[in-house]
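Subject: Structure for you to look at

Hello,

Please find the structure below. My notes on what was found in it come after.

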Amino acid sequence: MRERFFHNRTAVVTVLFVLIIAMIGILAPVLAPHDPYETDILNKFAEYSLEYPLGTDHLGRCVLSRLIYGIRPTLGLALLTMLGTIGLGALLGIMAGYFRGVVEEVIMRVVDVMLSFPSQIMVFAVVGLLGISVQNVIIANVFIKWAWYARMIRTGVMQYRDRNFVQFSRCVGMPERFILFRHLLPSITSDLAVLASLDVGWAIINISTLSFLGLGVQAPTPEWGAMLNEAKEVLTSNPIQMIAPGVAIVLLVCCFNLMGDALRDVLDPKEVEK
Amino acid sequence: MLELNQICVSFRSERQDKIFGHTRQQVLFDVSLRVERGTCLGILGESGSGKSTMGRVLCGLLKPDSGEVQLDGVSVYASRSGRRNLQNKLSVVFQDYTTSANPRFRVKEIIGEGLTVRERREGSKLDREKEVTSLLELVGLPADFAKRFPHELSGGQLQRVCIARAVACKPEIILFDEAISSLDAHTQVQVMDLLRELKEKLDLTYIFITHDLTSITYLCDDVLFLYQGRVTEYMPVSRISETQDEYARRLLESIVVFDVDEEVAV
């Protein structure tokens, strides 16, 4: 599998890109040229310059530094959301797909109910109900999105549960644990990889959306969506302000989406090595 | 040692006459049979005759509506321990070798699953590498196949790996659900020879489900004809030509031509 990974250009590039971004986020205090909270009202909306590579915002804070510090909440929260959604979705999806009967009925009817709400509105509702804070944003996202994944993963599992290798395991009395985690889970890893990376992309956008609407990460914490929100105020007078956080979000989300596609190829053992 | 008593199986029909109807379609009618230790029973029938359903009943995956399955005098479906008893003693090889092995497992892991079953039962650790090598050797494959993936093997080789996996559990009975039907004629003979050899070496009991009469005459001691869910004939293979049953006769006549060919070829 490692060999296949290193032979897949897209996978290597996207994973490296994400790792570099993550490293920059972790090393933010070292790499950022300025304190992201330091305001200098006299120097607001500065042009791109050597001292402020991406200029300054409406309070005179260094945009590049804020962008770098913003990686932490943006990427971190997105990964956390992804882990929560995929974890919950995979667990319930596999259970529904494998055990059938009452278990499936109960899980799938709950899923149906969850899916019958418009997801964005529900996120707002949950955040509004629980109060505006970072962990509520994550809870809301996980709460809304797990049903999608449970349903997709169940379909994946159902393809495999009647395969002969599962039948053999059941017939010779292998424990359910083995069947679930050694047969079924690996069989759907390629699906999971695609879902997970798409989910990160979705989570980044969603967290940014919430921050943009003022429901997520609160000022003055630097977060890309929140930065866009602040830039929006001056959209007509200083449209340049939008560019840095906007491009950053687009790049990262694109990267995750591409990564999902590439990982699927890597994880599929039948992909011929060229 | 394995006994089926008046087994009836039915499934809920997909299409019901009424919205809340409970029409069921019966697949097996009062099937009874008996397999003695060290013998080989062939179950013969055309598509849709209930062969595979019977296979599922035999290997403990499908509880019959009525009737009893007994292994060494212990009822299989009556209790959990009965099922465990069956799981310990029975192993299975399936028809469709393309889905018989997890495509993500290497050959050593596929066979390793059978070994795990044995480890759990005997409560002792096995030297896996050595066991896998000797099992591969037993089914006539080179030891370096252990590192291959299923898609890197041919059909016959993969079916041999599946047989090795079934044998790895150290079962007393092996159920072959059309295990050789999907192989080409030449490979079929090779695999059947292998099965014959294994049977003697390991003192196994075989149950052979197939639609191919030739392989039954080649391998089995008893034969059971299944027609539309009913046992129409149950007799030793040596007396197969004396059968009075209409369906069996028809089947025999349709195969006679091939039978002659086979004898000429061998």
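Predicted model: local features only at pLDDT ≥ 70, side-chain atom pairs only at ≥ 80, totals over all residues.

**Salt bridges**

In chain B, a salt bridge (a side-chain nitrogen of Lys or Arg within 4 Å of a carboxyl oxygen of Asp or Glu) joins the side chains of B:Arg34 and B:Glu36, at 2.9 Å from N to O. B:Arg34 has a relative accessible area of 41% and is therefore partly exposed; B:Glu36, at 39%, is also partly exposed.

Residues are numbered from 1 along each chain as its sequence is written, chains are lettered from A and ligands numbered from 1 in the order in which they are written, and side-chain values use heavy atoms, with hydrogens and water left out.

Side chains of opposite charge can pair when their charged atoms come close. Over all chains, the rule gives 21 salt bridges. One of them is in chain A, where A:Asp265 and A:Arg264 meet at 2.8 Å, N to O. A:Asp265 is partly exposed, because its relative accessibility is 23%, and A:Arg264 is partly exposed at 36%.

Another pairs B:Lys201 with B:Glu197, where the closest N and O atoms are 3.5 Å apart. Both residues lie in helix α7 (residues 185-202) of chain B, 4 residues apart, which is about one turn of the helix. Helices (H or I, at least four residues) and strands (E, at least two) are DSSP runs, numbered from the N terminus. B:Lys201 has a relative accessible area of 52%, so this residue is exposed, whereas B:Glu197 is partly exposed at 42%. Elsewhere, A:Asp57, A:Arg61, A:Arg66 and A:Glu230 are joined into one network by salt bridges that share partners.

**Chain A as a whole**

How many helices and strands does chain A have? There are 12 helices and 0 strands. The C-alpha atoms of this chain fill a box of roughly 75 × 50 × 30 Å along the principal axes. Chain A has 274 residues, and 50% of them count as buried. Among its contacts (heavy atoms within 4.5 Å) with a separation of 6 or more, 70% are between residues 24 or more positions apart. The accessible surface of chain A is about 13,200 Å², and carbon and sulfur atoms hold 68% of that. Accessible areas come from the Shrake-Rupley method with a 1.4 Å probe, and for residues only the protein chains shown count as cover.

**A nonpolar patch on chain A**

A:Phe17, A:Tyr48, A:Ile240, A:Ile243, A:Val247 and A:Leu251 form a nonpolar patch on the surface, with about 540 Å² of accessible area together. Patches are made of residues with over 30% relative accessible area and no salt bridge; like charges are joined within 9 Å, and nonpolar side chains (Val, Leu, Ile, Met, Phe, Trp, Tyr) within 5 Å. Helix α12 (residues 240-267) of chain A gives the largest share of the patch, 4 residues. A:Val247 is in this helix, and its relative accessible area of 43% makes it partly exposed.

**Where the two chains meet**

Which side of the contact has 27 residues, and which has 23? Chain B brings 27 residues and chain A brings 23. The size of an interface is often given as the accessible area lost when the parts come together. Here the buried area (the accessible area, with a 1.4 Å probe, that two parts lose on being put together, summed over both) is about 2,300 Å², with 60% given by carbon and sulfur atoms. There are 0 salt bridges between the two chains. The rule does find 7 residue pairs in polar contact across the interface, both residues being at pLDDT 80 or more. A polar contact is a pair of N or O atoms within 3.5 Å; within protein, one must be able to donate a hydrogen and the other to accept it, and residues adjacent in sequence count only if both atoms are side-chain atoms. On the side of chain B that touches chain A, the largest share, 5 residues, comes from α4(B).

**A buried serine in chain B**

B:Ser10 is in strand β1 (residues 2-12) of chain B and counts as buried because its relative accessibility is 11%. Its side chain has a polar contact of 3.1 Å with that of B:Arg24 and another of 2.5 Å with that of B:Asp65.

Regards

How values were computed:
Buried < 20%, exposed > 50% of the residue type's maximum accessible area, 1.4 Å probe, protein only.
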